[in-house]
Amino acid sequence: MSPLRESLTRLWTWFDSSTGLSGVWALAKKKEVPIHKHTAWYYLGGMTLFLFLVQIGTGVLLLFYYRPSSGEAFESVQFMMAEVQFGWLIRSIHNWAANLMIFTLFLHLFTVLLVKAYRRPRQLTWYTGVVLMGLAMAFGFTGYLLPWNELAYFATRVGTQITGVLPVVGDFLLRVLRGGEDVTGATLTRFYAFHVALLPIATIAVVAIHVLLVQRQGMSVPRRIERSKEPPRSMPFFPNFLIRDAVGWLAALAILAALAAFIPAELGSKADPFASAPVGIKPEWYFMFMFQTLKFLPAHILGIEGEVLGVLGFGLAGLFLFLIPVLDRKSAAGERSPVFTGIAIAIIAFIVVMTIVGYMVDPAA
Amino acid sequence: MFATWVGVMLLLTWRTGVIEAQSDPTEVESCVTCHQALPDGPLSDPVTRYGDDVHSGKGFGCVACHGGDGTILGPEAMDPARGFLRDLSRQRIPTMCGHCHSDAAFMRQYNPGLRVDQEVEYQSSVHGQRLVQESDSLVATCVSCHPAHGIRPPSDPLSSVHPLNVAKTCSACHANAQYMADYGIPTDQAEKYGRSVHGEALTVARDLGAPTCNDCHGNHGAAPPGVSWVGNTCGQCHSVQEQHFETSRHGEIFPLIGIPGCAACHNNHEIQAASDEMIGVGEGGICAKCHTEESEGGIQALQIRRLIDSLRIQLDSSRALLESAENSGVEVSQAQYDLEAAHSALVESRAAVHTFRAGAVDSSVAAGLAITDQAFIRGMDALGELRFRRTGLAVFALITVVLIVALLLKIKEIEGPSMSYIMFTREMRLPETRGPGSSDRNDEESS
Amino acid sequence: MIDPSAIPPEPPRRKFLDWVLGTSAGALVLAVFYPATRYMVPPDAAESSSSSVTLPLSPDDVAPNTGQVFKFGNRPGLLVRTSTNELKAFSAACTHLGCIVQYRPDLAEIWCACHNGHFDLNGRNVSGPPPTPLEEFTVNVRGDEIIVGRKT
């Protein structure tokens with residue numbers, strides 16, 4: 001053993017004795033990933049986590065030049081894109097990784113929903129997962145405004161307006177979100193605080209619980225495969241599964257770099273609160289299905305304002321999604337649950353169709 | 001002329017004291033009481049329209065122009081003995097208006113900024129001369145352009161002399177072929193003006209500073225062009241071109257042989273936006289009117305055109321280059337800023353065309369070309385930055401691919417040669433895969 | 001790929017694979033950290049933005065009754081110190097055809113050489129072809145810095 005290696009070993013022993021890190025290591029070593037025809041879906045969670053780490057890394061870098069005020073936000077982003085070396089790269093990757101992350105998050109959620117991986121004993125993993133979905137969308141919504149450009153400004157106006165239609169608490173929520181009556185510089189600093197402090201702390205905490213649960217409980221196996229006569233097979237999490245994960249991450253990194261180089265994040269023109277809204281204001285694609293649904297609702301349904309009903313409906317739908325482990329009694333009891341399979345397919349179909357329709361409809365019409 | 005002056009002076013003395021603004025503008029003159037009651041027509045119409053007149057707003061009533069006594073009811077108010085002007089014919093109108101408008105002391109009380117030479121100017125105009133000397137009652141007087149009882153200041157968009165309405169006001173007579181028949185002048189000026197660069201700037205772009213009829217022809221001293229040198233008129237705004245022109249051979253010769261200066265190339269009423277295509281003896285070239293290709297003038301024209309074209313093309317291509325670099329996210333603002341000076345050089349060299357000497361044009365073109373060359377180099381550098389990005393991406397992708405392949409090989413090494421990397425098939429046998437008989441995984445993990 | 005049969009037993013091949021793995025992983029780390037490090041290096045222009053710029057001049061550099069052209073984003077601006085010692089700034093692009101205007105001390109006016117357009121010291125087009133006034137910017141002096149901004 002070389003002297004270098006010896007001293008490194010000593011360092012590790014000392015470090016381990018005070019942190020107990022080898023326990024975590026043992027947990028990872030012991031973990032097995034089951035192998036069956038749905039194994040490919042197991043990579044989605046890791047991919048989302050990797051993209052979230054990319055977001056943290058690029059996000060921290062963006063903080064070096066970004067200035068959160070209505071007078072300087074747009075200019076500082078412009079400065080970053082034009083003057084700072086590789087500023088275009090950092091911002092474009094942050095932008096693209098955000099979209100990819102939400103995309104893989106949707107896929108992750110859909111597949112978990114379809115194979116009913118939320119059933120006992122993984123209810124808590126599901127709850128934290130749904131919360132993470134909400135946090136990711138909040139990340140997207142708050143981050144969209146930060147460059148303070150025209151599109152973001154008006155999309156945020158429309159987006160926050162929607163909370164205002166809620167009965168009783170609507171006005172209060174609207175004021176809290178906007179930091180005043182209208183979308184102004186106050187809204188920008190507020191969203192900034194959410195985006196770089198509150199949401200990251202919350203997300204890291206919830207992700208920690210989520211990942212710890214996955215490590216402790218292992219991967220869920222679909223009921224049918226669990227019940228089948230075939231002997232269960234698996235591979236070690238480390239290194240076999242992790243290397244495969246790494247292959248996926250590397251591919252994602254290469255795709256991000258290519259997207260950033262060929263389609264850099266746009267900036268557009270600076271937000272002008274006094275300008276009239278441009279035609280075809282669209283939210284980020286992951287809000288499109290909600291936006292489009294609200295547009296389709298008639299002005300009044302049974303004497304209640306359509307929009308109010310829509311917003312309440314989405315709230316209830318979110319709650320329903322959250323509570324699925326409790327509501328799906330059959331899955332919880334380990335039985336087949338075709339009703340919830342149907343519900344899952346209906347939810348996915350609704351989101352996909354509404355998103356597509358949102359992009360097909362002529363904004364001027 | 002002297003006689004006219006004496007007449008004017010006499011009239012002024014005679015009328016002094018008659019005209020004064022009413023002390024109380026709300027007090028209604030007796031004229032209104034009767035004329036308002038008359039049936040619709042020329043006798044009641046002035047009363048209804050006068051409310052909007054600028055004079056009405058300043059407190060002047062009927063007697064200010066018509067004389068008479070506004071305090072007496074009935075026809076005796078219109079007794080010439082009470083100063084009533086029975087005859088307000090066209091011939092008398094200029095002096096009538098001038099009675100106040102030529103009186104600086106009087107005008108100062110109401111509108112100190114207004115000039116007081118309109119009447120004198122009018123008398124010097126073709127309209128005024130024909131009115132007085134030839135008793136031509138068809139020519140324009142004050143009320144032709146400033147309609148009586150409805151006079152509004154030029155700043156009022158409803159005014160007949162607001163910049164947007166001047167062409168319409170003049171063309172009321174000048175576009176009327178029947179009316180102008182005896183004068184033997186064309187009647188298409190307004191139509192041509194409407195198509196001109198000035199007309200479009202005024203009516204389409206709504207640039208109220210763009211010249212309309214009176215800006216070239218004068219307003220009260222309306223005189224036809226040619227009285228003096230047309231260049232003086234155009235040079236009011238286009239002074240650099242005029243200066244260049246005056247030093248040129250054209251500037252020397254045109255007045256001598258009666259060629260109307262600027263209008264020779266640019267037309268008079270139908271002035272089009274000048275273009276580079278006008279320079280030359282080929283298609284669209286205006287020089288071909290007089291010069292042939294072989295003549296000295298034709299050669300100069302060709303040379304000038306070539307100079308201007310080269311700068312314009314260089315400027316356009318440099319600009320396009322920088323723009324494409326900017327759109328790709330490369331910083332080129334300094335280069336774009338510097339390129340603005342080349343644009344100035346191009347505009348200057350276009351003005352220098354009016355020297356009609358290639359040498360004079362060349363000096364500003366050369367300055368511009370030096371700038372565009374610089375900008376072009378910087379644009380190419382910016383595109384180099386773009387290539388650097390693409391190369392960087394290629395290098396990064398290569399590293400990633402090598403690493404991915406190495407990782408896949410590593411999996412193969414760990415799991416044995418029969419491993420299928422991505423998909424998991426039934427036939428798989430993994431060395432480290434646990435075989436049948438293992439306990440329920442969930443329990444195992446948590447134990 | 002290396003044909004396994006052509007190469008003697010496992011060790012050399014495994015070694016080679018580990019070497020490739022290590023090298024490419026190292027290269028990847030470099031490739032990620034290189035742009036990140038370059039990004040942290042402050043750029044030459046300390047701060048630049050389109051709605052306000054700090055001029056590379058100190059207020060003392062501008063004598064009364066003179067003017068100076070400066071870079072405002074990618075467009076030219078004109079800084080004028082009037083004879084009454086007031087600092088004013090305008091867009092230097094003539095509103096007629098976009099030539100760069102200059103200050104004329106003899107007239108105390110802003111002048112465009114291209115077509116002899118004149119603007120007064122409030123930016124108003126007073127003679128010649130320019131159809132509209134020059135856009136005026138705000139000028140703030142903070143210590144030794146002149147900050148010019150777009151009026152909002």
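**Why we call it that: patches, bridges and burial**

Mentor: Going from the N terminus, chain C has its elements in the order α-β-β-β-β-β-β-β-β-β-β. That comes to 1 helix and 10 strands, where helices (H or I, at least four residues) and strands (E, at least two) are DSSP runs, numbered from the N terminus. This is a predicted model, so local features need pLDDT of at least 70, side-chain atom pairs count only at pLDDT 80 or more, and totals for chains, interfaces and linings use all residues. Residues are numbered from 1 along each chain as its sequence is written, chains are lettered from A and ligands numbered from 1 in the order in which they are written, and side-chain values use heavy atoms, with hydrogens and water left out.

Trainee: Okay, what makes Asp120(C) buried?

Mentor: Its relative accessible area is 14%. Buried means under 20%, exposed over 50%, and partly exposed in between (1.4 Å probe, protein chains only). So Asp120(C), at 14%, is buried. Across chain C, 39% of the 152 residues count as buried.

Trainee: What makes the pair Asp276(B) and Arg350(B) a link between distant parts of the chain?

Mentor: First the bridge itself: the closest N and O atoms of Asp276(B) and Arg350(B) are 2.9 Å apart. The two residues lie 74 residues apart, with Asp276(B) in the loop between α19 (263–266) and α20 (296–327) of chain B, and Arg350(B) in helix α21 (residues 333–352). Asp276(B) has 7% relative accessibility, so it is buried, and Arg350(B) has 31%, so it is partly exposed. Both also belong to a network of salt bridges with Arg305(B), Asp309(B) and Arg312(B).

Trainee: Over to chain A. Why is Trp14(A) called exposed?

Mentor: Because its relative accessible area is 56%, and the cut-off is over 50%. Trp14(A) sits in helix α1 of chain A.

Trainee: Which residues make the nonpolar surface patch?

Mentor: Leu4(A), Leu8(A), Leu11(A), Trp12(A), Trp14(A), Phe15(A), Leu21(A) and Val24(A), covering about 860 Å². Patches are made of residues with over 30% relative accessible area and no salt bridge: like charges are joined within 9 Å, nonpolar side chains (Val, Leu, Ile, Met, Phe, Trp, Tyr) within 5 Å. Areas come from the Shrake-Rupley method with a 1.4 Å probe; for residues, only the protein chains shown count as cover. Helix α1(A) gives the most, with 6 residues.

Trainee: What makes the other patch positive?

Mentor: Its members are Lys37(A), Arg224(A), Lys330(A) and Arg336(A). Lys and Arg count as positive and Asp and Glu as negative, while His and the chain ends are not counted, so the patch is positive. The place of a charge is taken as NZ of Lys, CZ of Arg, CG of Asp or CD of Glu. Arg336(A) is exposed at 55%.

Notes
Salt bridge = Lys/Arg side-chain N within 4 Å of Asp/Glu carboxyl O.
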